[in-house]
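Please keep the structure in view while reading.

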Amino acid sequence: MSKKITYGMVGGSIDSMIGEAHRNAILSDGRAKLVSGCFSRDYKKTLKTGKKWGIKKDRLYENYLEMAEEESKKKNKIDFVVIATPNASHYEIAKTFLEKGINVVCDKPLTTTVKEAEELKQLADDNDLLLCVTYSYVGYPVISLARHKIEKGELGEIRFVNVQYIQGWLAKKIEDENKQAQWRLDPNQSGFANTTADIGSHVENMVSYLIGKEIDSLCARLDTFVESRKLDDNSTVMINFKDKSKGLLYMSQIAIGENNNFNISVYGSEATLKWSFKQANKLTILHEDHEEETIQNEDEIPGTNIGFKNTYTAFITDLINKKNGEILTNDNAHFQSVNAGLRGMRFIEKCVESSKNGGIWVKF
Ligand SMILES: NC(=O)c1ccc[n+]([C@@H]2O[C@H](COP(=O)([O-])OP(=O)(O)OC[C@H]3O[C@@H](n4cnc5c(N)ncnc54)[C@H](O)[C@@H]3O)[C@@H](O)[C@H]2O)c1
């Protein structure tokens, strides 16, 4: 087997929500090895995470600035860095590594403003570096199949997209005790929006990926149901696409009893397509005569989040091909690149603008 490429990670210590999902996804792809990290602001946690993953102590760092500086000087410097910290730090960390010539994989949302995302795109493109955003839901094989069917016109003309992404974990004021809730609801660590950014970014990306249409305008209402919060915990967005098709997106984190319930229905002039995260390897197509067609992907690897794994498989494949001389950029990449991250930031900013102005329609 050929030599593995290497990566490092900022954030995502073993007590984080998403760090292990990234590492396990890369491990199941099998072509990249974790060799470096600054997994936390707390060095003890970095050491603990590094020990679990067998990283040498001299490549475990007190802070990301030192990590970027030291790694960039090495002959065997990391091929890419994964950023899994709270949203507001993504921009500075990504910028630092891009400036040091290191490819970046960043969790969503890419930044906290459109301006920052534009700067990262410019920097990545100018330095000929890849910048991937881990919109992991589009990594499910049935989602690529759904996109293909829509593109081929199997649903007829797309008329309406109805998406619900609902969770209940923020239905009560838990932010004083729960660190993941605490930073998400703090504008200094999260940005201008909570729910619209945290899960709305996934929704926008999924809709764009699936139906491949550009948004023309949107109308949003961001609600805050739990008192004293500064950011939204529930969000409803209507969309007009550039053709005649339309969409309704509902994102909530106060939907009590719901556990990551992500459902999509795409209504075409000839058929309806449905997907739910609860059965993420299944696609249902409904026909006019109530005939129901089911497509089930059987290639599931038990215990693996196949969406996350395939997100990394697409990125690592492009990175290896680029190292081998293929011309690959963020514009022709096979993964969700900085372009998708930038579009996601525009979506969040436009939703906030619409809602702040009483739910007016705003051009995208
Ligand atoms: N793709 C997905 O499906 C998905 C799911 C959950 C979270 N996320 C995203 O992942 C990111 C992290 O979310 P989380 O819920 O895991 O948060 P978390 O609070 O559980 O973990 C954040 C981690 O970052 C570390 N950290 C914070 N600042 C740091 C710094 N300056 N240097 C080094 N480490 C630092 C913390 O110690 C912690 O380990 C967020 O951007 C979130 O939106 C994505």
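## Secondary structure

Twelve helices and 14 strands make up the secondary structure of the protein. The model is a predicted one.

## Overall size

The protein has 364 residues, and a compact globule of that length would have a radius of gyration near 21 Å. The value for the protein is 20 Å, which agrees with the globule figure. Along the principal axes, the C-alpha trace spans about 65 × 50 × 40 Å.

## Burial and contacts

How much of the protein counts as buried? Of the 364 residues, 55% do. The protein exposes about 16,600 Å², and 49% of this area is supplied by carbon and sulfur atoms.

Among contacts in the protein with a separation of 6 or more, 70% are accounted for by residues 24 or more positions apart.

## Helices α6 and α10

Helix α6 covers residues 141–152 and helix α10 covers residues 200–211. Their axes come within 7 Å and cross at roughly 45°. An angle between 35 and 65 degrees is neither roughly parallel nor roughly perpendicular, so α6 is oblique to α10.

Which residues make the contact? From α6 they are Ile143, Ser144, Ala146, Arg147 and Ile150. From α10 they are Met206, Tyr209, Leu210 and Ile211. Sorted by class, the contact of α6 with α10 has seven nonpolar residues, one polar residue and one charged residue. Ser144 is the polar one and Arg147 the charged one.

Conventions:
Residues numbered from 1 in each chain as written. Predicted model: local features only at pLDDT ≥ 70, side-chain atom pairs only at ≥ 80, totals over all residues. Heavy atoms only, no water. Axes fitted to C-alpha atoms, helices over the stretch in contact; angles between N-to-C directions. Helix = DSSP H or I, 4+ residues; strand = E, 2+ residues; numbered from the N terminus. Parallel < 35°, antiparallel > 145°, perpendicular 65-115°, else oblique. Contact = heavy atoms within 4.5 Å. Rg over C-alpha atoms; globule rule 2.2 N^0.38 Å. Buried < 20%, exposed > 50% of the residue type's maximum accessible area, 1.4 Å probe, protein only. Areas by Shrake-Rupley, 256 points an atom, 1.4 Å probe, with all protein chains shown as cover.
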